[in-house]
Amino acid sequence: MKVCPEGLYVEPGGFYVDPLRAVERAVITHGHSDHARPGHRHVLATPGTLAIMRQRLGEGAGGSQQPLEYGEAIRIGDVTVRLAPAGHVLGSAQVVLEYAGSRVVVSGDYKRRFDRTCAPFEPVPCDVFITEATFGLPVFRHPPDLDEVGKLLHSMAIFPERSHVVGVYALGKCQRVITLLRAAGYDRPIYLHGALEPICTLYEGFGIALGELRPATVAVKEELKGALVLAPPGAVADRWARRLTDPVVAMASGWMRVRQRARQRGVELPLIISDHADWDELTQTLDEVAAPEVWVTHGREEALVHHSTQRGIRARALALVGFEEEGA
Amino acid sequence: MNRFATLIDALVFMPSRNGKIRLLADFFATTPDPDRGWALAALTETLVFHEAKPAAIRQLAAARVDPELFALSYDYVGDLAETVALIWPERPDRANSLPPTLPEVVDTLRAAKRSQVMELVEGWLDTLDSSGRFALLKLITGSLRVGVSARLAKTALAEWGKVDVGDLEECWHGLTPPYVDLFAWLEGRAERPAAGHGAGFRPLMLSHPLEEEDMAALDPAAYSAEWKWDGIRVQLAARGAERRIYSRTGDDVSGAFPDIVDHMSFDAVLDGELLVARGEGEVAPFNDLQQRLNRKAVTAKTLQEFPAWVRLYDILFDGEEDLRGLPFLERRARLERWYEAVRPRRMDLSPLVPFDGWDALKALREGARENSIEGLMLKRSDSNYVAGRPKGPWFKWKRGALTLDTVLMYAQRGHGKRSSYYSDFTFGVWRGEELVPVGKAYFGFTDAELLELDRWVRNHTVRKYGPVREVKAGLVLEVAFDSVHPSNRHKSGLAMRFPRVHRIRWDKPGAEADRLETLQKMVVG
């Protein structure tokens with residue numbers, strides 16, 4: 001197992017996990033564009049992830065695509081590979097690698113909260129745990145997600161004449177926010193920016209009910225008054241949002257926990273809803289997988305390395321460049 | 001504490017002034033006494049606790065959290081109160097205890113000995129949620145920084161209570177937190193509280209711009225004229241031991257001008273222009289004054305380099321005597337008499353400008369080339385000093401603006417309503433073959449023109465730096481400005497005063513815009 005310019009390389013199997021450049025053989029944890037890059041010759045992933053890659057990358061989704069269901073094992077070279085649910089987005093997986101009697105788990109991006117749109121994270125005890133650390137600082141504690149959706153519904157009750165536009169990631173966050181709203185009893189149509197529609201349709205194809213969705217792009221201005229609109233983070237404060245009259249700008253992201261960050265983005269209503277584990281969940285997961293060695297990647301590695309070292313775990317930061325911050 | 005915390009959070013994120021007023025009004029309407037009064041005191045910085053220093057708060061957190069993790073977090077968040085509020089480990093055993101109310105916090109802290117304060121704070125942090133912790137820490141360290149000035153809070157109170165904000169200012173200085181009698185008045189349950197005799201702010205009298213066509217209807221004999229100086233309008237209020245300097249909007253700026261406050265050993269309320277001196281009684285460019293603005297404290301070096309003084313226009317109170325009901329010329333005589341008797345240092349009188357008919361005055365206005373003169377003020381000789389901006393008694397007659405053809409260089413997205421538009425423009429002029437920036441403007445155009453400018457910027461972007469776009473040197477903006485001064489803050493060595501977009505010259509090629517030498521020649525004094 002080693003870190004190359006292409007990404008994380010599993011030598012005895014001759015494949016990469018979430019490589020940053022096009023390679024011969026890749027195992028992909030989930031469909032976000034910083035993990036699922038185009039042009040690999042051979043791709044192994046869950047059926048959900050492969051469907052997302054085909055929709056987003058078309059021809060670039062990979063020369064040959066091999067689906068692997070959660071829990072099924074396959075042998076590549078001298079390595080046994082299994083995918084375990086990561087709870088991040090639809091199809092997201094941890095990669096469980098077994099070789100010469102020891103087990104390495106690559107977490108990919110993950111969260112521990114209940115999410116109707118994907119299978120829940122499964123902790124897999126292992127010898128080396130390679131964990132993400134997007135929210136790897138103890139200031140990040142995500143509040144209960146239904147409380148955050150409650151904030152949104154409350155604001156809609158106070159300002160019924162204003163439309164509420166929520167910045168969401170197209171893959172995962174969008175569908176999660178919709179299912180949270182539905183769970184909170186919001187049954188009016190939800191309006192979508194054009195960029196969000198294809199993934200929502202794909203999720204529905206996987207049996208995830210999203211209720212009535214309408215395109216915000218063709219909706220008349222009058223209809224959007226007081227409506228709930230979802231759009232990619234970049235669109236909420238740009239030209240696209242001009243079709244909305246005096247909108248309340250909201251953003252659903254773990255970063256919204258830090259006030260200054262929300263302010264910088266001109267967010268009036270920050271919603272702390274994240275598809276990543278918060279600090280407590282990161283440390284809880286380290287306890288559960290009980291790995292004597294931890295590698296920390298993309299995020300604020302330092303704090304998690306420090307925390308692990310304090311607890312007698314051998315820890316190091318993997319310098320993997322090229323991964324983006326959520327919502328960036 | 002929860003309602004207050006929710007208000008603080010909402011204010012932090014609300015970008016618009018009107019939105020803030022709405023949030024405040026809603027809070028005052030739905031929060032009982034004395035909670036709302038203590039919140040008002042905190043917002044207007046009337047309520048200050050000195051016992052809780054940042055170092056002590058840091059220590060509290062260090063006892064609960066790994067110091068290395070705290071340091072990394074503080075480094076990331078950048079604000080101590082917020083870091084502690086977010087990182088504070090919640091104790092499940094305290095989850096069901098009731099968080100303190102705002103009056104409970106205030107009363108307890110006021111009664112507490114200094115040595116008990118941090119222990120109390122620690123107990124409260126354990127029962128509050130993260131918003132509550134943030135509000136508590138901001139409250140006890142004394143700076144809320146939620147973008148609400150005392151004046152804005154009063155404006156919100158006045159709008160909610162449907163009273164004139166001037167009326168509210170009149171009685172404000174006689175009030176003490178938690179302002180129960182004030183709220184009783186605003187809710188129509190009692191008379192307005194009596195005006196006190198403290199050094200409170202009295203609303204200023206403001207003027208309207210003079211339109212040339214107005215002049216025909218005005219009788220020159222009924223008006224007095226004086227120069228309009230290019231500084232900032234202030235009110236000096238000295239009553240007993242209390243000495244205050246207020247800005248035009250009633251914000252207390254005394255802290256930035258100790259060199260004036262030192263010499264306010266009198267009992268009066270005065271109206272004047274705050275200026276910076278250069279040499280013997282000469283007014284320094286506005287740029288120098290800017291070095292003294294928006295500062296909570298000043299260094300000895302700044303005080304020496306940019307000494308402040310006040311040019312007096314009017315007198316509102318002489319001792320206990322309210323002069324505002326007197327006609328302008330009688331007040332003027334009282335001001336001169338008062339000045340002769342008191343002779344305050346760092347102050348002089350703004351002279352009246354005698355004139356014979358409008359044409360003569362016009363000639364005087366055009367002849368005045370000093371940068372320190374913004375134009376003329378016309379005041380009806382019989383006008384009382386009334387709050388606000390009544391139409392008729394006072395006019396400002398600004399000097400004609402200077403203009404320059406500049407090239408648009410950079411555009412930045414605006415805020416609030418304009419957040420999707422490139423609406424802040426940096427423009428430059430030619431120095432040899434290169435463009436050098438000379439100023440920035442964000443108004444002077446119509447909404448329709450803004451749409452066109454935004455489109456032009458997007459279609460001619462050369463480079464992007466975050467929210468800023470560099471554009472092709474192709475659009476000429478005719479910029480109007482009041483004056484231009486040497487400045488070492490800009491690459492061009494010059495700074496414009498009050499620049500605005502005068503006309504968009506869609507027709508003019510960028511190469512034909514003005515050169516830096518042209519602007520340099522416009523520097524006077």
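User: Which residue of β10(B) stands opposite B:P209?

Analyst: B:K396 stands opposite B:P209. This is a predicted model, where local features need pLDDT of at least 70 and side-chain atom pairs pLDDT 80 or more, while totals for chains, interfaces and linings use all residues. Residues are numbered from 1 along each chain as its sequence is written, with chains lettered from A and ligands numbered from 1 in the order in which they are written.

User: What makes β1(B) and strand β10 of chain B a pair?

Analyst: Strands pair if DSSP finds at least two bridges between them. Two bridges join β1(B) to β10 (residues 394-398) of chain B, and the strands run parallel. A strand itself is a DSSP run of E with at least two residues; a helix is a run of H or I with at least four; both are numbered from the N terminus.

User: Why are β1 and β2 of chain B said to stand at the edges?

Analyst: They belong to an open sheet of four strands, ordered β1-β10-β9-β2 (chain B), with mixed pairing. β1 (208-209) and β2 (223-229) of chain B each have a single partner strand, so one side of each is left without a neighbour in the sheet.

User: Why is B:G272 called buried?

Analyst: Buried means 20 or more other C-beta atoms within 10 Å of the residue's own; exposed means 12 or fewer, and partly exposed lies in between, with C-beta atoms placed from the backbone. B:G272 has 25 such atoms within 10 Å, so it is buried. The residue lies in strand β5 (residues 268-276) of chain B.

User: Which residues is B:G272 in contact with, leaving aside its neighbours within four places in sequence?

Analyst: They are B:V234, B:L236, B:V310, B:R311, B:L312 and B:Y313. Contact means C-beta atoms, placed from the backbone, within 7 Å. As for B:W229, 43 residues away along the chain, its C-alpha atom is 9.5 Å from that of B:G272.

User: Why is α1(B) called roughly antiparallel to α2(B)?

Analyst: Helix α1 (residues 2-13) and helix α2 (residues 17-30) of chain B pack at about 170°, with their axes 10 Å apart. Over 145 degrees counts as roughly antiparallel, under 35 as roughly parallel, 65 to 115 as roughly perpendicular, and the rest as oblique. That makes α1(B) roughly antiparallel to α2(B). Axes are lines fitted to C-alpha atoms, for helices over the stretch in contact, and angles run from 0 to 180 degrees between N-to-C directions.

User: Which residues of α1(B) and α2(B) meet?

Analyst: B:L7, B:A10 and B:L11 in α1(B) meet B:K20, B:L23 and B:F27 in α2(B). Five of the contact residues are nonpolar, none is polar and one is charged. Nonpolar covers Ala, Val, Leu, Ile, Met, Phe, Trp, Tyr, Cys and Pro; charged covers Asp, Glu, Lys and Arg; the others, Gly among them, are polar.

User: How do you know that chain B is as compact as a globular protein of its length?

Analyst: Chain B holds 19 helices and 19 strands. Its radius of gyration is 27 Å, close to the 24 Å that the globule rule gives for 525 residues, so chain B is as compact as a globular protein of that length. The radius is taken over C-alpha atoms, and the rule is 2.2 Å times the number of residues to the power 0.38. Buried residues make up 37% of chain B.

User: What makes chain A as compact as a globular protein of its length?

Analyst: Chain A comes to eight helices and 19 strands. For its 328 residues the globule rule gives 20 Å, and the radius of gyration is 20 Å, so chain A passes as being as compact as a globular protein of that length. Buried residues make up 52% of chain A.

User: Which strands of chain A are the edge strands of the open sheet of six?

Analyst: The sheet runs β14-β13-β15-β12-β16-β17 (chain A), with parallel pairing. β14 (213-215) and β17 of chain A are the edge strands, as each pairs on one side only. From one strand to the next the twist averages 30°. Helix α2 (residues 145-158) of chain A packs on the sheet, at about 155° to the direction of β17(A).

User: How many residues does each chain give to the contact?

Analyst: Chain A gives 23 residues and chain B gives 19. On the side of chain A, α6 (259-264), β17 (269-271) and α8 (301-310) each give two or more residues. That side divides into eleven nonpolar, four polar and eight charged residues.

Notes:
Two residues are in contact if their C-beta atoms, placed from the backbone, lie within 7 Å.
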